[in-house]
Amino acid sequence: MQYCAKLHGLKAAAVKKAVSHGKEKCGLVDMGNRLIANLSKGYQQRVGIAQAILHNPSVIILDEPTVGLDPIQILEIRQLIRDLGELHSVILSTHILPEVQQSCSRVQIIHHGKLVLNESIEHLNNQMSSSSLLVKFESSVDLATLNNLPNISDVQQLEDNFYRIQHEQHNNPAAAIANLAVNQHWGLLELTPEKHSMEQIFLSLTKAEPLDE
């Protein structure tokens with residue numbers, strides 16, 4: 001890390017302080033006397049991040065920082081990225097879409113060199129919350145009775161006793177459906193909001209298209 005600090009152009013008097021700060025920020029204080037080659041993959045990632053912040057850059061670029069890590073290490077690196085984001089602008093380059101949702105405040109998708117999405121995570125989460133429910137009953141139901149519930153716009157049967165129920169955006173009829181199932185003795189087995197995933201959004205924006213020759 002001292003070598004990297006010098007590569008970043010830090011003066012000799014500032015190197016020790018920068019290395020100490022990098023170790024503390026990245027949870028490496030107890031690893032100071034260990035060889036990097038003998039560290040776990042997670043700690044090696046931490047060393048790389050510590051090296052990147054030695055000169056206190058305004059922007060940090062991380063490329064697939066959680067690849068090859070175990071679940072505990074992934075959680076630790078995610079938290080480290082969020083902590084760094086409080087003091088720096090962090091650009092996270094990854095194909096692991098759940099990492100984007102867990103670690104970022106904004107997402108951009110580039111396809112064939114073109115920016116096809118530039119949205120806040122909050123806005124995307126709202127988009128992914130669809131206005132439909134997946135409902136499964138134990139016995140057959142009267143579709144007319146189900147359709148007559150307030151705020152329901154459409155009922156689609158997916159398989160035996162399993163339905164997708166479309167409803168008005170801000171009027172979720174889940175409680176009314178549950179009450180109806182009890183009163184009609186239909187036996188409610190499942191009632192869950194249907195959500196779109198980041199993967200679905202990514203695929204919808206990057207569907208295979210012939211490249212210009």
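Visitor: What do the side chains of glutamate 99 and arginine 78 do?
Guide: In this predicted model, the side chains of glutamate 99 and arginine 78 form a salt bridge, at 2.8 Å from N to O. The two partners come from distant parts of the chain, 21 residues apart: glutamate 99 belongs to helix H5 (residues 97-103), and arginine 78 belongs to helix H4.

Visitor: Are glutamate 99 and arginine 78 buried or exposed?
Guide: Both glutamate 99 and arginine 78 are buried.

Visitor: How many salt bridges are there?
Guide: The count is 3 salt bridges.

Visitor: Which residue meets glutamate 76 in a salt bridge?
Guide: Glutamate 76 meets arginine 46, with 3.3 Å between N and O. This pair also joins distant parts of the chain, since glutamate 76 lies in helix H4 (residues 71-85) and arginine 46 in helix H3 (residues 41-52), 30 residues apart.

Visitor: And is arginine 46 buried or exposed?
Guide: Arginine 46 counts as buried because its relative accessibility is 11%, and the limit for buried is under 20%.

Visitor: Which residue does arginine 164 pair with?
Guide: The side chain of arginine 164 meets that of glutamate 194 in a salt bridge of 2.8 Å, N to O. Here the link runs between strands: arginine 164 is in strand E7 (residues 162-167) and glutamate 194 is in strand E8 (residues 188-195), 30 residues apart. Arginine 164 and glutamate 194 are both buried.

Visitor: Let us turn to domains. Which domains does the assignment give?
Guide: The domain assignment divides the chain into domain 1 (1-124) and domain 2 (130-195).

Visitor: How far apart do their C-alpha centres lie?
Guide: The C-alpha centres of domain 1 and domain 2 are separated by 45 Å.

Visitor: Next, the strands. In which sense do E3 and E4 pair?
Guide: Strand E3 (residues 106-111) and strand E4 (residues 114-120) are antiparallel partners, paired over 6 bridges. Histidine 111 stands opposite lysine 114, a residue of E4.

Visitor: What phi does histidine 112 take in that hairpin?
Guide: The hairpin has 2 residues between its strands, and histidine 112 there takes a positive phi near 55°. Histidine 112 is not a glycine.

Visitor: Is histidine 112 buried, exposed or partly exposed?
Guide: Histidine 112, in the loop between E3 and E4, has a relative accessibility of 47% and so counts as partly exposed.

Visitor: What about the phi of histidine 185?
Guide: Histidine 185 also is not a glycine, and its phi is positive, near 60°. Its place is the loop between helix H8 (174-184) and E8. With a relative accessible area of 69%, histidine 185 is exposed, because the limit for exposed is over 50%.

Visitor: Now the surface. Which residues make the nonpolar patch?
Guide: Val59, Ile61 and Ile91 make a nonpolar surface patch of about 280 Å². Valine 59 is part of strand E1 (residues 59-63), and it is partly exposed, at a relative accessible area of 40%.

Visitor: Where is serine 131 found?
Guide: Serine 131 is found in strand E5 (residues 129-137). Its relative accessible area is 18%, so serine 131 is buried.

Visitor: And what does serine 131 touch?
Guide: Leaving aside residues up to four places away in sequence, serine 131 touches Ile165, Gln166, His167, Glu168 and Gln169.

Visitor: One more residue: where is the place of leucine 39?
Guide: Leucine 39 sits in the loop between helix H2 (12-25) and H3. Although in a loop, leucine 39 counts as buried, at 8% relative accessibility.

Visitor: Which residues does leucine 39 touch?
Guide: Beyond residues up to four places away in sequence, leucine 39 touches Met31, Arg34, Gln44 and Val47.

Visitor: How far apart are leucine 39 and methionine 1 in space?
Guide: Leucine 39 and methionine 1 are 15 Å apart, C-alpha to C-alpha, with a separation of 38 residues in sequence.

Methods. Residues numbered from 1 in each chain as written. Predicted model: local features only at pLDDT ≥ 70, side-chain atom pairs only at ≥ 80, totals over all residues. Heavy atoms only, no water. Pairing = 2+ DSSP bridges. Helix = DSSP H or I, 4+ residues; strand = E, 2+ residues; numbered from the N terminus. Salt bridge = Lys/Arg side-chain N within 4 Å of Asp/Glu carboxyl O. Buried < 20%, exposed > 50% of the residue type's maximum accessible area, 1.4 Å probe, protein only. Domains from an automatic or database assignment. Patch = residues over 30% accessible without salt bridge, like charges linked within 9 Å, V, L, I, M, F, W, Y side chains within 5 Å. Areas by Shrake-Rupley, 256 points an atom, 1.4 Å probe, with all protein chains shown as cover. Contact = heavy atoms within 4.5 Å.
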